[in-house]
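Here are a few notes from going through the model. Have it open beside you as you read.

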Amino acid sequence: MMSAYEIPATDVLPQVEGYIYPNELNLLWGDLIVLYPYITGLVAGAFILASLVRVFKVKALEPTYRLALLTSLAFLLAAPLPLLFHLGHPERSLQVMITPHLSSPMAIFGFVYAWYLMAVLLLELWFDYRKDFVLWSRYTTGPKRWLYLIFTLGVTDISEESLKYDARLCNIVTIIGIPSAFLLHGYVGFIFGSVKANPWWGNVLMPIIFIFSAIVSGIALCLFLFMIISQARRLKMDMDCLDVTAKFLFYTLIIAAAIESLDWIHRLYEAEESIHIIKTLATGKLFVSIVVIQAFLGSAVPLVLLGLIQIFKKDIAARAREWIYFLSSVLILIGVLAMRWNVVIGGQLFSKSLRGFTTYKMELAMASHEGFTMSFALVLLILPFVILWVFLKLFMPVEEPGPKGEPLTRAETSA
Amino acid sequence: MARKNGIPPQLVRLVLVTLAIIALYFTARYFMTPETFGQFGFYRGASLNEHATRPLSFAGKESCRNCHEEALQLVSQFEHKTLSCETCHGPAMSHVIDPETPLVKIEDGSCLRCHRSDPSRPSWLAQISLDDHYESDSCTDCHTPHQPNE
């Protein structure tokens with residue numbers, strides 16, 4: 001990519017409005033960095049849904065418990081990839097862990113990520129699945145058997161006492177996991193919120209906005225996946241579970257929308273010197289992504305739809321509710337992606353001079369290094385779903401492997 | 001598997017795995033930390049030398065003076081006196097080492113980089129609008145860059 005200095009002035013001006021500084025011409029963070037907080041948000045959100053079952057004992061949500069945990073893990077495994085592709089030197093990535101600088105939020109992310117992956121998610125999954133691993137390793141053959149055997153870590157004790165111990169430890173891990181999930185995503189908000197030079201980002205509410213939008217998007221993703229998987233496996237739709245998930249989705253969406261509205265009201269009333277450029281940005285370049293997609297389609301429409309169901313649940317047929325839940329979850333997922341876009345891209349569109357704008361052009365061509373890595377954004381958005389599909393095949397089989405003539409039921413296999 | 005000393009076997013196994021992961025981290029850290037890391041600060045000490053030995057692109061105004069004293073004398077009397085030769089003529093180190101190596105050919109873009117009309121530029125800087133001004137094939141048909149007022 002050419003530096004701004006090398007680009008002839010004749011090629012520059014069409015993408016600039018008003019006055020900008022030379023180094024603000026090209027955006028340093030592109031669509032890959034949009035994807036990164038989106039994916040980490042889905043991880044944290046899905047985990048919070050799982051913890052509603054484990055810690056807060058919401059019985060109706062039990063069918064989503066394992067799906068939520070596996071979703072969280074699948075997306076967590078994909079979460080650092082956008083950063084690696086963005087940096088263009090993935091082989092250097094381990095240096096951030098080997099020689100971490102404590103003043104660097106990105107270095108700390110390595111440890112927050114490792115903690116969340118190993119001390120929270122994998123542990124919780126292991127305790128929850130230990131009995132299944134032992135049983136599956138007995139009743140399957142071939143490479144699958146070996147895989148399950150490795151996952152047992154050599155512990156084959158599934159006595160009642162031992163399983164009780166698992167459940168207790170699992171609860172402790174989940175309780176530690178809730179603040180960890182908040183930390184994982186709050187930290188992403190912190191990275192943006194701590195950029196005091198950028199009025200669009202530098203805001204103490206940023207980590208909280210990120211956490212709540214993460215919870216909303218995670219629950220919406222699990223609702224979406226739960227419906228798709230039930231349909232694909234030709235299972236009867238568990239309306240009780242859907243209704244309760246949608247109820248929690250509605251509550252968290254109210255909080256998320258309220259905090260974001262508060263942020264806007266506060267900005268507008270406070271009317272700092274940056275307010276003019278921010279208003280111009282939101283009503284101009286970002287109008288479609290912030291007003292139409294994020295605020296209207298991604299927040300207002302699902303709020304009204306889910307809100308109406310809370311009031312008139314008895315009058316709306318189950319089939320109609322299903323469709324409304326499906327539509328709402330898709331709208332919320334798109335809305336939260338738009339929110340990430342508005343934060344990451346929007347924050348780089350206006351000049352530090354507060355007097356002009358540049359333009360972001362997404363390159364999908366393979367010709368340039370930038371375009372090549374940017375094209376990975378789409379692949380990286382699909383990748384966690386592929387990982388999840390493999391997980392579902394392995395860890396949520398349609399038919400539980402069991403000894404011939406006595407297939408195991410769900411009740412028997414869950415701890 | 002029976003409990004050893006009352007500690008459940010799964011916990012023992014997890015503690016072992018955790019210890020193994022921590023040991024792996026410190027082993028990796030030992031082998032992967034670059035040798036000269038931290039010698040002078042939070043970076044590889046050897047990188048200073050690596051940067052210092054990179055081939056130079058720019059030679060600086062004084063290198064030009066050795067052969068082009070006349071041109072420097074001329075340019076020092078007019079508006080372009082504060083500019084470095086290489087601002088318009090391009091990186092010159094290879095030309096200094098071997099004068100046979102030609103410099104970058106100067107095109108109109110070099111002039112327009114500063115003189116194309118832009119409201120954000122100070123008004124004392126001569127600026128042109130291409131549509132109104134461009135009467136000839138090239139800027140240098142009418143202007144002498146070393147003596148812009150000519």
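1. Which residue takes a positive phi just after H10(A)? That would be A:Ala271, with a phi of about 45°. Bear in mind that this is a predicted model, so the angle is computed from predicted coordinates.

2. On H10(A) itself: the helix covers residues 239-270 of chain A, 32 residues in total. From first C-alpha to last, H10(A) reaches 45 Å, close to the 46 Å expected at 1.5 Å a residue. A:Ala271, with its positive phi, comes just after this helix.

3. Next, have a look at H6(A) (residues 105-139) and H7(A) (residues 142-151). These two helices pack at an angle of about 140°, and their axes are 8 Å apart. Angles over 145 degrees would count as roughly antiparallel, so H6(A) and H7(A) are oblique to each other. Their crossing is left-handed.

4. Who meets whom there? H6(A) brings A:Trp126, A:Phe133, A:Trp136 and A:Ser137, while H7(A) brings A:Arg145, A:Tyr148, A:Leu149 and A:Phe151. By class, that contact has 6 nonpolar residues, plus 1 polar and 1 charged.

5. On confidence, chain B averages a pLDDT of 87, and 95% of its residues score at least 70. Within chain B, the lowest confidence is in helix H7(B) (residues 130-133), at a mean of 79. The highest is in helix H2(B) (residues 46-52), at 94.

6. For the complex, the predictor gives an ipTM of 0.75 and a pTM of 0.82.

Note on methods: Residues numbered from 1 in each chain as written. Chains lettered and ligands numbered in written order. Predicted model: local features only at pLDDT ≥ 70, side-chain atom pairs only at ≥ 80, totals over all residues. Heavy atoms only, no water. Helix = DSSP H or I, 4+ residues; strand = E, 2+ residues; numbered from the N terminus. Expected span 1.5 Å × (residues − 1). Axes fitted to C-alpha atoms, helices over the stretch in contact; angles between N-to-C directions. Parallel < 35°, antiparallel > 145°, perpendicular 65-115°, else oblique. Left-handed = near helix turned anticlockwise from the far one by under 90°. Contact = heavy atoms within 4.5 Å. Nonpolar A, V, L, I, M, F, W, Y, C, P; charged D, E, K, R; others polar. pLDDT = per-residue confidence, 0-100.
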